[in-house]
Amino acid sequence: MPVTIESLLREAETLISRFESELLLSDAIEKPRTFVIAHPEHHLSRKEVAQFKSHIVRRTKREPIAYIVGHKEFYGREFLVNEHTLIPRPETEHLVEAALARLPPQGRLWDLGTGSGAVAVTVALERPDAHVRASDISADALAVAARNAASLGAKLEFAQGSWFAVDRPSETQAYDVVVSNPPYIEAGDVHLQQGDLRFEPQQALTDELLLRFKPNLM
């Protein structure tokens, strides 16, 4: 018996929300969510069904949808994300707005701890006249940021290192704007081991050094 979009979504409703099911099915069949909503009678292939069910299993383990589908929208653009980067939050768009408001013509901006590159790439696209540098301590995160820059056509400089101690200290000029969305959760916070946060890079969420030395503080 053919499997339709509607029958598959109904089956998944006992496990996750309808909205999440639509997003995951959209990715599995490589069509927009609007297609999923508008064509409940559409027949699915065995491969598509298998892909969707694999997505469902991962989501029931609370893996973030952005990691399952491999991308997240930010500032109206799709950014690649994976387990090496934080998932861009909508509120971080306010950071972009603040940076753009303060960046002078031909200005220089440095994004510390860039992760997926969402902030730096967005600024570079919104202000092609600016010199934008993006750095991160994680080489894996920088690789994702570089892919996002390339796929979206943004021109910026990448450097690896811990905060200002990077491997490309070539410029001696000052930066007009320095932005960052640094680790902000207290080491050992119980929320780090709950829900979606379990899958995001702990190094980007909290200071691992504090967590490492915490027993000595007791």
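**Contacts, cores and pockets**

Analyst: Start with one residue and its surroundings. Not counting residues up to four places away in sequence, Leu109 touches Ala99, Leu103, Val123, His131, Val132, Arg133, Tyr175, Val177 and Val179. Contact here means heavy atoms within 4.5 Å. The model is predicted: local features need pLDDT of at least 70, side-chain atom pairs count only at pLDDT 80 or more, and totals for chains, interfaces and linings use all residues. Residues are numbered from 1 along each chain as its sequence is written, and side-chain values use heavy atoms, with hydrogens and water left out.

User: Which residues have the most contacts inside the largest nonpolar core?

Analyst: A nonpolar core is a set of buried Ala, Val, Leu, Ile, Met, Phe, Trp, Tyr and Cys residues joined through side-chain atoms within 4.5 Å. Buried means under 20% relative accessible area, exposed means over 50%, and partly exposed is in between (1.4 Å probe, protein chains only). The largest core has 25 residues, and Val96, Leu109, Val123, Val132, Leu156 and Phe158 have the most contacts inside it. At least two residues each come from helix H6 (93-102), H7, strand E6 (131-136), helix H8 (139-152) and strand E9 (177-180). H7 gives the most, with 6 residues. A second, separate core has 18 residues, including Leu25, Ala28, Val36 and Leu44.

User: How are the helices and strands defined, and how many are there?

Analyst: They are DSSP runs, numbered from the N terminus: helices are H or I with at least four residues, and strands are E with at least two. This chain has 10 helices and 9 strands. Of its 218 residues, 43% are buried. Among contacts between residues at least 6 apart in sequence, 58% join residues at least 24 apart.

User: Is Thr114 buried or exposed?

Analyst: Thr114 counts as buried because its relative accessible area is 8%. Thr114 lies in the loop between strand E5 (108-112) and H7. Leaving out residues up to four places away in sequence, Thr114 touches Ala120, Ala134, Ser135, Asp136, Leu142 and Ala145.

User: And what about Ser151, Ala165 and Arg18?

Analyst: Ser151 lies in helix H8 and is exposed, because its relative accessible area is 53%. Ser151 and Phe79 are 72 residues apart in sequence and 9.0 Å apart in space, C-alpha to C-alpha. Ala165, in strand E8 (residues 165-166), counts as exposed because its relative accessibility is 58%. Its C-alpha atom is separated by 9.3 Å from that of Ile137, 28 residues apart along the chain. Arg18 is found in helix H2 and is partly exposed, because its relative accessible area is 29%. Apart from neighbours within four places in sequence, Arg18 is in contact with Glu6, Leu9, Arg10 and Glu13.

User: What should I look for in the backbone angle phi?

Analyst: Most residues other than glycine have a negative phi. Arg62 is not a glycine, but has a positive phi of about 75°. Arg62 lies in the loop between helix H4 (46-60) and H5. Gln106, also a residue other than glycine, has a positive phi near 55°. Gln106 is in the loop between H6 and E5.

User: What lines the second largest pocket?

Analyst: On a 1 Å grid over the protein atoms alone, a pocket is an open set of points where a 1.4 Å probe fits, with protein on both sides within 12 Å along at least five of seven lines; lining residues have an atom within 4 Å of a point. The second largest pocket is lined by 20 residues, of which Leu23, Ile65, Ala66, His71 and Lys72 lie nearest its centre. Helix H2 (18-29), helix H5 (65-69) and strand E3 (71-74) give two or more residues to this lining, and H2 gives the most, with 4 residues.

User: Where is the model's confidence lowest among the elements?

Analyst: The predictor's confidence in each residue is pLDDT, from 0 to 100. The mean pLDDT of the chain is 86, and 81% of its residues reach 70 or more. Among the elements, helix H10 (residues 208-217) has the lowest mean pLDDT (40) and helix H7 (residues 118-126) the highest (98). Over residues 209-218 the pLDDT is below 50, and this stretch has 5 contacts in the model beyond near neighbours in sequence. Where pLDDT is low, the predicted coordinates should not be read in detail.
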